[in-house]
Amino acid sequence: MTIESYLLIFKIQSVLSALNVILSFISFSKRQIEVKLIGLACLLNLLSDFAWYFLPLKGKDVNIPGHIANILIFIIFCYLYNIALTNKYKRVITWVCIAFCIAAISNHLFLQKKDINSYNQIASSIIFILLSIFYFYRLLIDLPAQQLHRLPMFWFCTGILIYNAGTLFLSVFTNYLVEVLHNDFLFYGTFLIIMYIIQHLVVMIGLWQDLRNIKSPSSSPSAP
Amino acid sequence: MAGPSEYQIALLITLGTVGMLLLAIAIILFMVFYQKKMIQEQFKRQQLELIYQQKMMEAALESQEQERRRLAGELHDSIGAMLSTIRVGIITIARQLPEPESLDQSKKMLDDTISSVRAISRELMPSTLEKFGFTPAVKELCERFQETSLLPIHCIEHGEVRSFEKSRELMLFRVVQELLNNALKHSKASVIEVSIEGGDALSVSVEDNGIGYDPDAIKNSAQNGKGLGLFNIENRARVLGGVIHFDKERSIGSKVTLVVPYEKV
């Protein structure tokens, strides 16, 4: 694994993120709020990628815009799940969100102070895995006859679950990887980006389904 | 990877990541298959409900026909017979009176009543249908309506119309009866045409040159009791396994066609 191939995969990831932004913002006024939130998250991800490209050139090792983007993406995804769960768990999600934000800012200012704040990633991965499973559980109970594959939120949730499940162990061992297995770090970094690409691709299916639902409302995912 | 501990950590990361990914994929697959199963079960349940509803409707229509048959029998055999006996009595009394003309008015009224009772009895249970089948019964119905309404009602038969189960024939006859009634009462037509077509499927259509109507609007007003006739027609068509088509493209009059595949009747 070379740095060139890593950068190439990283660029592919950024392109996919940009594509998702475009797909989310087509026919903006007609799109569901979930789709707009996903578009916003992808846009923040894209801006964070740009920051990652350019900030080290100016002599800054700690990617502050990236960390801010991660916190904002966390808040957006929490809001997304709150809407998907029809505001039934608003209080719990709000408290989780506030606690995470405080912990993430504290971690950034006083604890890890690194380019990769793995503690934040561990916490967000666990939270999103639990939220995704809970969303699927509610989906089974509340909407038993819904056509899942036509539901954009199903794909968004699938993408988020796969990404966070795939990167959880990597986040847990990030410190060890940086300090001990630094020779293999590029390999693990590439794996992380591949997981991102998978997430973007799955989210893209959801965005495409949403566009299809807009174009032919008669085939919307409602119960048969 | 230098030492065994590093190798073990790498293995742990790999196994953990693969395990978590498999778990996530298993959850998603479970969701998809469970949902698919739920949809299939719901579809089956809907089918069963539909069959049940159809059977219920069939039973309701059957009991309605039985009741009509009983009423027709009572009217014809009991009241009709009694009225005929009274008529004979009046004629006998009239012969004994010095002025038999004084009973002419009563006799005429009695004759009208007997005719009415017969007509009601025939409408309730057409004997032609039971004796000769669907097409002759429809022809007789057209003739009868023509006599009472003085409108030209043409009954045209194309191809060979096969006979089928009596209860089904009766149901089909009721549809034609209702359609003709509607055309006479509401269409303000100057001519009505009933055509019966045999072939692969039985097709019956009632066409008029009247003012026409919007079946959807009438069906929507069914709550006021207005569209009950159309509702009954559709119910009967459904029980027969046929398709009813209201021609909405016409500029003049209306045309309603009922197509019933023979295998369904």
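What covers the buried residues of H4(B)? In this predicted model, the cover includes helix H2 (104–124), helix H3 (127–132), strand E1 (153–158), helix H5 (166–186), strand E2 (192–197) and strand E3 (201–208) of chain B. The residues concerned are Phe134(B), Thr135(B), Ala137(B), Val138(B), Leu141(B), Cys142(B), Arg144(B) and Phe145(B). Helix H4 itself spans residues 134–149 of chain B, and its 16 residues reach 22 Å from the first C-alpha to the last, close to the 22 Å expected at 1.5 Å a residue. Leu150(B), which follows H4(B), has a positive phi near 65 degrees.

Chain B as a whole contains seven helices and five strands, arranged along the sequence as α-α-α-α-β-α-β-β-α-α-β-β. Of its 265 residues, 35% are buried. Among contacts in chain B with a separation of 6 or more, 67% join residues 24 or more positions apart. The chain exposes about 16100 Å², of which carbon and sulfur atoms supply 57%.

The largest nonpolar core comprises 63 residues, and the members touching the most others are Ile38(A), Phe77(A), Tyr81(A), Phe128(A), Tyr135(A) and Phe136(A). At least two residues of this core come from each of helices H1 (3–25), H2 (33–54), H3 (64–84), H4 (90–111), H5 (118–142), H6 (152–172) and H8 (185–215) of chain A, and likewise from helix H1 (4–96) of chain B. H6(A) provides the largest share, 11 residues. Beyond residues up to four places away in sequence, Ile38(A) touches Ser24(A), Phe77(A), Leu80(A), Phe156(A), Val203(A) and Leu207(A). Another core, of 49 residues, lies apart from the largest one and includes Leu110(B), Leu129(B), Val239(B) and Phe246(B).

Note on methods. Residues are numbered from 1 along each chain as its sequence is written. Chains are lettered from A and ligands numbered from 1 in the order in which they are written. This is a predicted model: local features need pLDDT of at least 70, side-chain atom pairs count only at pLDDT 80 or more; totals for chains, interfaces and linings use all residues. Side-chain values use heavy atoms; hydrogens and water are left out. Helices (H or I, at least four residues) and strands (E, at least two) are DSSP runs, numbered from the N terminus. Buried means under 20% relative accessible area, exposed over 50%, partly exposed in between (1.4 Å probe, protein chains only). Contact means heavy atoms within 4.5 Å. Accessible areas come from the Shrake-Rupley method with a 1.4 Å probe; for residues, only the protein chains shown count as cover. The expected span of a helix is 1.5 Å times one less than its number of residues. A nonpolar core is a set of buried Ala, Val, Leu, Ile, Met, Phe, Trp, Tyr and Cys residues joined through side-chain atoms within 4.5 Å.
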